[in-house]
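Please keep the sequence and the structure in view while reading.

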Amino acid sequence: MAAAGSGFEDPSADVLDRAAAAFGLLASPARLHIVWALAQGESDVTGLAERVGGALPAVSQHLTKLKLAGLVRARREGRRQVYFVDPADQAAVVDVVRLMVGRLSDHADAIPSPRLRGL
């Protein structure tokens, strides 16, 4: 269905559901930090736990959820799993994360930190 006067097609309900699910996963500060870190370069779970300051089991659980959602991929190197964000599959997600985190980082002092829960 086209939006009134715009000529653009509205996304399907399925597309909106999948986008909302992806944003829901990224609503966790820990998972957002993991995606941010992996957007900068691949890492194993130990390196990610050190970088994001999380316990190894918690980071592993977050990675599992991100992987199941298709936001993160992994490959085996010997006995360890190396995690990464595939730019071909997740370029838009990485762009949104980089834009939002970058914008907020640039204006960290000027922007108040409101709690937007319940909107």
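Leaving aside its neighbours within four places in sequence, with which residues is leucine 25 in contact? Leucine 25 is in contact with Arg31, Lys65, Ala69 and Leu71, where contact means heavy atoms within 4.5 Å.

## Basis of the model

This is a predicted model, in which local features need pLDDT of at least 70 and side-chain atom pairs count only at pLDDT 80 or more, whereas totals for chains, interfaces and linings use all residues. Residues are numbered from 1 along each chain as its sequence is written, and side-chain values use heavy atoms, with hydrogens and water left out.

## Overall architecture

The protein has 5 helices and 3 strands. These are DSSP runs numbered from the N terminus, with helices being H or I of at least four residues and strands being E of at least two. Read from the N terminus on, the order of the elements is α-α-β-α-α-β-β-α.

Of the 119 residues in the protein, 25% are buried; the term buried means under 20% relative accessible area, exposed means over 50%, and partly exposed lies in between, using a 1.4 Å probe and protein chains only. Among contacts between residues at least 6 apart in sequence, 46% join residues at least 24 apart.

## Helix packing

Two packed helices are described by the angle between their axes and the distance between the axes. Axes are lines fitted to C-alpha atoms, for helices over the stretch in contact, and angles run from 0 to 180 degrees between N-to-C directions. Angles under 35 degrees count as roughly parallel, over 145 as roughly antiparallel, 65 to 115 as roughly perpendicular and the rest as oblique.

The axes of helix α3 (residues 45-52) and helix α4 (residues 56-68) come within 9 Å and cross at roughly 110°, so α3 and α4 are roughly perpendicular to each other. On the α3 side, the contact involves Val45, Thr46, Leu48, Ala49 and Val52, and on the α4 side Leu56, Val59, Ser60 and Leu63. The residues of this contact comprise 7 nonpolar, 2 polar and no charged. In this classification Ala, Val, Leu, Ile, Met, Phe, Trp, Tyr, Cys and Pro are nonpolar, Asp, Glu, Lys and Arg are charged, and the others, Gly among them, are polar.

## Contacts of helix α2

Helix α2 packs against α4 at an angle of about 75°, with their axes 10 Å apart; α2 and α4 are therefore roughly perpendicular to each other. Ala30, Arg31, Ile34, Val35 and Leu38 of α2 make this contact with Val59, His62, Leu63, Lys65 and Leu66 of α4. By class, there are 7 nonpolar, 1 polar and 2 charged residues in the contact of α2 with α4.

The axes of α2 and α5 come within 10 Å and cross at roughly 105°, so these two helices are also roughly perpendicular to each other. Here Leu32, Val35, Trp36, Ala39 and Gln40 in α2 meet Val94, Val97, Arg98 and Val101 in α5. The contact of α2 with α5 has 7 nonpolar, 1 polar and 1 charged residues.

## The nonpolar core

A nonpolar core is a set of buried Ala, Val, Leu, Ile, Met, Phe, Trp, Tyr and Cys residues joined through side-chain atoms within 4.5 Å. The largest such core has 21 residues, of which Ile34, Leu38, Leu48, Val59, Leu63, Leu71 and Val72 touch the most other members. Two or more residues come from each of α1 (13-25), α2 (29-40), α3, α4 and α5, and α2 gives the most, with 5 residues.

Not counting residues up to four places away in sequence, valine 72 touches Leu38, Leu63, Leu66, Lys67, Tyr83, Phe84 and Val85.

## Selected residues

Leucine 25 is found in helix α1 and is buried, with a relative accessible area of 16%.

Aspartate 86 lies in the loop between β3 (80-84) and α5 (87-106) and counts as buried at 14% relative accessibility. Its side chain is joined to that of arginine 73 by a polar contact of 2.3 Å. Such a contact is a pair of N or O atoms within 3.5 Å; within protein, one must be able to donate a hydrogen and the other to accept it, and residues adjacent in sequence count only if both atoms are side-chain atoms. Proline 87 is in helix α5 and counts as exposed at 58% relative accessibility.
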